[in-house]
Amino acid sequence: MLFRSGWIWKEAKIRLAEAGQPDNPRPPKVEPTKSNRAVAVAPEGSEFSGRSSAGKAALLAYYGGTKESEAAVELGLEWLKRHQSKDGSWSFDHVNAACKGDCKNPGNFKNSRMGATAMALLAMLGSGNTYSVGDFQVPVERGLMYLPTHGKTIDGDFRGKYDGNGGMYIQGLVTIVLCEALAMSNAEMESSKGRRNQKKKKKSRLSRGKRMRFNRTLKAASQQAIKFIINAQCSNGGWRYTPRIGPDTCVVGWQIMALASAWSAKLGTFPVVSRKASGYLESVQSAQGSQYRNHHDSPQPTASITYRSE
């Protein structure tokens, strides 16, 4: 859904070539909107190439993106922007949001602000926006600043206050956001080096020095968040609602995604924790890995758990 992997870009190009279309197509039905005007932030074939201008164009062309679908994305991002709090966070409870009561379904989980902020930022990052690229730079910057200042950066605990069993879900989400924001920003800065000698160079909203300092903050927070996830892993390789207490395949999926995002940000490969996680998933699979149980005591696998495990 977020077009993270380079293989999606490659697959789209192969299919387009088979259909006799050019390698770098421009979707004829999709007009420029805020959601697809973002500057290219990753080279072709990288983990985030689907979020670049060229990569997104290829994916839209192949998978049937339209002017209407892109307009819907833009409306969704604008809605998120309107509902951002003054401190940079978001909330699942919209009673006191900037919309001033216009939302017919205000939501709940008012304590899980770290989780809500992470989910809103994932949508913006997934559309190719960072704190220095795209049309939602300011909301992204404010949201990213909120996470480190309201998490426990000393031990990497970014769960914050939360409702129910949401703690480790939130930890995974926040870690994904921090790592992806770091990876995308680093890629954009690397790409900008090649544009220095161009006459028509678009000046960034932030100086290179400020972006480097921001990235150092993101990197430090990402590293600590990953350490917390590693230390929270159960002895059998899984994760659950509370660190080191029992496994749950739903929670496992988010932590594995966080580790993958950290790898994309060049923060490590984590072979030991990955082997343990793979061992846990192997222990709850059936039908040659096509089905997964929620945990060892689950009587049978379910479709939703299998989807999250894949």
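Predicted model: local features only at pLDDT ≥ 70, side-chain atom pairs only at ≥ 80, totals over all residues.
Me: Thanks. How much of the protein chain counts as buried?

Reply: The protein chain has 310 residues, and 49% of them count as buried. Another way to read a fold is to ask how far apart in sequence the contacting residues are. Here, among contacts between residues at least 6 apart in sequence, 66% join residues at least 24 apart.

Me: Let's go inside, then. Which residues have the most contacts inside the largest nonpolar core?

Reply: The general idea first: in soluble globular proteins, nonpolar side chains tend to be buried together. In this model the largest nonpolar core has 55 residues, and those with the most contacts inside it are Leu 144, Leu 147, Val 174, Val 177, Leu 178, Leu 218 and Trp 239. Two or more residues each come from helix 3 (67-82), helix 4 (113-126), helix 5, helix 6 (167-193), helix 7, helix 8 (249-264) and helix 9 (271-283).

Me: Which helix gives the most to this core?

Reply: Helix 6 does, with 12 residues. Setting aside residues up to four places away in sequence, Leu 147 touches Met 114, Thr 117, Leu 121, Phe 158, Val 174, Val 177 and Leu 178.

Me: Now helix pairs. At what angle do helix 5 and helix 7 pack?

Reply: For a pair of helices, read the angle, then the crossing, then the residues that meet. Helix 5 (residues 137-150) and helix 7 (residues 208-232) pack at about 45°, and their axes are 10 Å apart. Helix 5 is therefore oblique to helix 7. The crossing of helix 5 past helix 7 is left-handed. Helix 5 brings Glu 141, Leu 144, Met 145 and Pro 148 to the contact, while helix 7 brings Phe 214, Thr 217, Leu 218 and Ala 221. Sorted by class, this contact of helix 5 with helix 7 has six nonpolar residues, one polar and one charged. Leu 144 and Leu 218 are also among the residues with the most contacts inside the largest nonpolar core.

Me: Is the pairing of helix 8 and helix 9 roughly parallel or roughly antiparallel?

Reply: Start from the angle again: helix 8 and helix 9 pack at about 150°, with axes 11 Å apart. The cut-off for roughly antiparallel is over 145 degrees, so helix 8 is roughly antiparallel to helix 9. Helix 8 passes helix 9 in a left-handed crossing. On the helix 8 side you will find Thr 249, Val 252, Ile 256 and Leu 259, meeting Val 273, Ala 277, Tyr 280 and Leu 281 of helix 9. By class, the contact of helix 8 with helix 9 has seven nonpolar residues, one polar and no charged ones.

Me: And what is the angle between helix 3 and helix 4?

Reply: Helix 3 and helix 4 pack at about 140°, with their axes 10 Å apart. These two helices are therefore oblique to each other. Their crossing is left-handed. Leu 77, Leu 80 and Lys 81 of helix 3 meet Ala 120, Ala 123 and Met 124 of helix 4. The contact of helix 3 with helix 4 divides into five nonpolar residues, no polar and one charged.

Me: What about the loops? Where does Ser 91 lie?

Reply: Ser 91 is in the loop between helix 3 and helix 4. With 11% relative accessibility, Ser 91 counts as buried. Beyond its neighbours within four places in sequence, Ser 91 is in contact with Lys 110, Arg 113 and Ala 116. Its C-alpha lies 8.4 Å from that of Asn 108, 17 residues away in sequence.

Me: Which phi value does Arg 244 have?

Reply: Arg 244 has a positive phi of about 65° although it is not a glycine. This residue sits in the loop between helix 7 and helix 8, and Arg 244 is exposed, with a relative accessible area of 54%. Phe 270, also not a glycine, has a positive phi of about 55°.

Me: Is Phe 270 buried or exposed?

Reply: Phe 270, in the loop between helix 8 and helix 9, counts as buried at 15% relative accessibility.

Definitions and conventions
Residues numbered from 1 in each chain as written. Heavy atoms only, no water. Axes fitted to C-alpha atoms, helices over the stretch in contact; angles between N-to-C directions. Helix = DSSP H or I, 4+ residues; strand = E, 2+ residues; numbered from the N terminus. Parallel < 35°, antiparallel > 145°, perpendicular 65-115°, else oblique. Left-handed = near helix turned anticlockwise from the far one by under 90°. Contact = heavy atoms within 4.5 Å. Nonpolar A, V, L, I, M, F, W, Y, C, P; charged D, E, K, R; others polar. Core = buried A, V, L, I, M, F, W, Y, C linked by side-chain atoms within 4.5 Å. Buried < 20%, exposed > 50% of the residue type's maximum accessible area, 1.4 Å probe, protein only.
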